[in-house]
Amino acid sequence: MGTFSKRNVLITGGLGFIGSNLARRLVALGADVTLVDSLIPQYGGNLFNVHDIKDRVKVNVCDVRDPFAMAYLLKGKDFLFNLAGQTSHLDSMIDPQTDLDINTKAQLSI
Ligand SMILES: NC(=O)c1ccc[n+]([C@@H]2O[C@H](COP(=O)([O-])OP(=O)(O)OC[C@H]3O[C@@H](n4cnc5c(N)ncnc54)[C@H](O)[C@@H]3O)[C@@H](O)[C@H]2O)c1
């Protein structure tokens, strides 16, 4: 568990269900945690998910489909937990291009 102490950690999808719970744990372990989340309204991100640790994490509202932002944010990080995702099966069938862009194309640039 000492592995994460004082280490720089980036969590994409950090305001979602898994990302925010992971952030809480990593903060408790002494990590320097940065959260990336697009906060696209219909998706799972919500600032309330980190309300109790808001002063102990950095939040960067940006989209993993932006390769320049991601390249900048990944600089100097020791660990990446890549949890951003379009998680709706129905949405993936209604709008497969967006699903592909977030869940596949963005992953290549990251
Ligand atoms: N929860 C589960 O039981 C489960 C099971 C298997 C796999 N997963 C996978 O784990 C990951 C996280 O799941 P979760 O349950 O926390 O989902 P979630 O919807 O709560 O979190 C996903 C987060 O990604 C963010 N996001 C979406 N598109 C983004 C974009 N383009 N740029 C930046 N951020 C973006 C959302 O705003 C959201 O906060 C997903 O990839 C999901 O498919 C989850």
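Colleague: In which sense do strand 1 and strand 4 pair, and over how many bridges?

Modeller: Strand 1 and strand 4 (residues 79–82) pair in the parallel sense over four bridges; two strands pair if DSSP finds at least two bridges between them. Strands (E, at least two residues) and helices (H or I, at least four) are DSSP runs numbered from the N terminus. This is a predicted model, in which local features need pLDDT of at least 70 and side-chain atom pairs count only at pLDDT 80 or more, while totals for chains, interfaces and linings use all residues. Residues are numbered from 1 along each chain as its sequence is written.

Colleague: Which residue stands opposite Ile11 in strand 4?

Modeller: Phe81 stands opposite Ile11. On strand 2, Val33 stands opposite Val9, and strand 1 and strand 2 pair in the parallel sense over five bridges.

Colleague: What unit do strand 1, helix 1 and strand 2 make?

Modeller: They make a right-handed β-α-β unit: with the strands pointing away from the viewer, the path from the first strand over the helix to the second runs clockwise.

Colleague: Changing topic, which residues are closest to the ligand?

Modeller: Gly13, Gly16, Gly44, Gly45 and Gly85 are the closest of the 24 residues that surround the ligand; a residue is near a molecule if its C-beta atom, placed from the backbone, lies within 6 Å of it.

Colleague: And which element supplies the largest share of that shell?

Modeller: Helix 1 does, with three residues. Helix 1 (17–28) and strand 2 (32–37) each supply at least two residues of the shell.
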